[in-house]
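The following note was prepared for a colleague who wishes to read the model alongside its sequence.

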Amino acid sequence: VAIVILSVFYKQSLFMVTADYGFEKREMLNIPLPQNSYQKLAPAFSAIPGVESVSAASALFGFSGGNTKFIKRDRTADSIAGNYFSVSPTFITDTKLQLIAGENLPASSPNNNAHFVLINEKASQALKFKDPGAAVGNTVLLNDTTQFIIAGVVKDFHYASFMTSIQPLFLANQQDEYAVLNVKISPSAEH
């Protein structure tokens, strides 16, 4: 009995590690990031030979579902619950998330008061847009307080573990929320 249980556990663990989550994670180092240090550390890591690019996120994909936030199309609409991550624009390209409508998040600027968000197909459907393209350019309220403009829609992917189904997802570029530095290593870099 113990051998059967261990065999099943091993196979499930192997599946979770090697399965296709719908985003690229190979050649990526994930480093805990001290609060508000991305602006200083990203250029330093980018200067290291063999580093292709540097990005950041508020949490790792493939484990938890991020933070739960509530979003709605306007103040009178019902809110939908979704999972929220803060990511840098380079994170979208490094993980090869597929934009199916609109464009990537713009780089944040201290002088820019506009907030942008990417949503996934599930969020587009839950917010009752006729198709992903119809969502782009619309404003939504996050937690009844902050207004975001939908910059684009990404194809659904497994950002949490396979134990949960894909839920509405919101990706914003809020640098003060970054907690993980993602360093993409060139495949040709010496080991």
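The points below go from the overall composition to the sheets, the ring contacts and selected residues.

1. Overall composition. The coordinates are those of a predicted model. The secondary structure of the protein consists of five helices and ten strands. Of the 191 residues in the protein, 40% are buried. Among contacts between residues at least 6 apart in sequence, 75% join residues at least 24 apart.

2. The open sheet. Strands S1, S10 and S2 form an open sheet in the order S1-S10-S2, with antiparallel pairing. Strand S1 (28-32) and S2 stand at the edges with a single partner strand each, so one side of each has no neighbour in the sheet. On average, and with direction ignored, neighbouring strands of this sheet are turned by 20° against each other. The antiparallel pairing of S2 with S10 comprises six bridges. Within this pairing, Val-54 has Val-183 in S10 as its bridge partner.

3. Helix H2 and the sheet. Helix H2 lies across S1, S2 and S10. The direction of H2 is at about 160° to S2. H2 spans residues 38-46, and Tyr-38, discussed in the next point, belongs to this helix.

4. The aromatic pair. What geometry do the rings of Tyr-38 and Tyr-178 adopt? The count of aromatic pairs comes to one. That pair, Tyr-38 and Tyr-178, is edge-to-face, with 5.0 Å centre to centre and 85° between the planes. Tyr-38 lies in H2 and Tyr-178 in the loop between strand S9 (169-172) and strand S10 (180-185), so the pair ties together parts that are 140 residues apart in sequence. Both Tyr-38 and Tyr-178 are buried.

5. Pairing of S3, S7 and S8. Strand S7 (residues 139-142) pairs with strand S3 (residues 67-72) in the antiparallel sense, over two bridges. Lys-72 has Leu-141 in S7 as its bridge partner. S7 is also joined to strand S8 (residues 146-154), by four bridges and in antiparallel fashion. In this second pairing, Thr-139 stands opposite Ile-149 of S8.

6. The hairpin turn. Three residues lie between the strands in the hairpin of S7 and S8, and Asn-143 there takes a positive phi near 55°. Asp-144, in the loop between S7 and S8, also has a positive phi, of about 60°, although it is not a glycine. Asp-144 counts as partly exposed because its relative accessible area is 43%.

7. Charges over rings. Which rings have a charged side chain placed over them? The charged end of Lys-69 sits over the ring of Tyr-84, 4.8 Å from its centre. Arg-73 lies over the face of Phe-129, at 3.9 Å from the ring centre. Phe-129 is also among the residues touched by Ser-124, which is the subject of the next point.

8. Is Ser-124 buried or exposed? Ser-124 is located in helix H4 (residues 121-126). With a relative accessibility of 2%, Ser-124 counts as buried, because the limit for burial is under 20%. Leaving aside residues up to four places away in sequence, Ser-124 touches Ile-119, Phe-129, Asp-131, Pro-132 and Ala-135.

9. Lys-128. The loop between H4 and helix H5 (132-135) contains Lys-128. Phi of Lys-128 is near 65°, a positive value in a residue other than glycine. Lys-128 is exposed, its relative accessible area being 69%.

10. Ser-64. Ser-64 belongs to the loop between strand S2 (51-57) and S3. At 37% relative accessibility, this serine counts as partly exposed. Ser-64 and Asn-83 are 19 residues apart along the chain, and their C-alpha atoms are separated by 9.4 Å.

How values were computed:
Residues numbered from 1 in each chain as written. Predicted model: local features only at pLDDT ≥ 70, side-chain atom pairs only at ≥ 80, totals over all residues. Heavy atoms only, no water. Buried < 20%, exposed > 50% of the residue type's maximum accessible area, 1.4 Å probe, protein only. Contact = heavy atoms within 4.5 Å. Pairing = 2+ DSSP bridges. Phe/Tyr/Trp six-rings, centres within 6.5 Å; stacked < 30°, edge-to-face > 60°. Lys NZ or Arg CZ within 6 Å of the ring centre and 35° of its normal. Axes fitted to C-alpha atoms, helices over the stretch in contact; angles between N-to-C directions.
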